[in-house]
Amino acid sequence: MGNIFYIVRHGQTNWNIQGKTQGHGNSDLTESGESQAKQLAESLVDHNIDYVFTSDLGRAVQTAEIVGNRLGLKVEKTNGLREMGFGVWEGLLIKEIQKDYAEIYNTWRNEPHLVNIPGGETLHIIKERVDKFIEGINEKYDNKRIVLITHSITLRVMLLSFLNSGMENVYRIKQDNTALNIVEFKDYGPVVEKMNDTSHLRNHTNISNSALE
């Protein structure tokens, strides 16, 4: 038996509500985002979690600390779980991106695996980063239950990689704030057991006003 990963997107942020693009830039959790993280933590109490790893970006760290505190576990920060860097798009609204970067935005929406945002990262860079991170964790640990707190695009890329699917399919996976994904590594590879599960959230509403949706 291999490791079981509980992979989660961070809680709702102020920029999520405003529809601003956040990659390496950061926005704090809203009150609702903190509540989402607390509800997520409660749902994980009976899963005998061994470790909690998080992206080193603030919104993910906030989410992870709420989870770690509830589970009585130390949170380990890593840049291996960082969100895609969006370069000049950071902090911009969709309408601003559409106006000033129309051609690049069109590629992002239709051929995301080919996009090259000025000052940003590509989906293939993200894939290399998360593949290396997961490989390292699996080499270090065995038969452990591990929580990973990360971000929307990074999480989708990770799931596509587990499924041996191309990065052009990044929009075919949905990830809400604090959505839970469970992936178990077996002898023959990763098995996705649960995806975008928000059943732990009360009064859940999805926000779809960003350039990433």
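This short talk looks at a helix and a strand in the structure above.

What we have is a predicted model, in which local features need pLDDT of at least 70 and side-chain atom pairs count only at pLDDT 80 or more, while totals for chains, interfaces and linings use all residues. Residues are numbered from 1 along each chain as its sequence is written, and side-chain values use heavy atoms, with hydrogens and water left out.

Let me start with helix α7, residues 152-162; helices (H or I, at least four residues) and strands (E, at least two) are DSSP runs, numbered from the N terminus. Eleven of the eleven residues of α7 are buried, so the helix is largely enclosed by the rest of the structure, where buried means under 20% relative accessible area with a 1.4 Å probe, protein chains only. These residues pack against β1 (4-9), α5 (102-110), α6 (123-140), β4 (145-150), β5 (180-186) and β6 (189-197).

Within α7 sits L155, which counts as buried because its relative accessibility is 0%. Setting aside neighbours within four places in sequence, L155 is in contact (heavy atoms within 4.5 Å) with I7, V8, R9, T150, Q175 and N181. Just after the helix, N164 adopts a positive phi of about 55°.

Turning to strand β2, residues 51-55, four of its five residues are buried. Strands pair if DSSP finds at least two bridges between them; β2 runs parallel to β4, joined by four bridges, with T54 opposite I149, and β2 also pairs in the parallel sense with β3, residues 75-78, over four bridges, with F53 opposite E76.

Note on methods: Buried means under 20% relative accessible area, exposed over 50%, partly exposed in between (1.4 Å probe, protein chains only).
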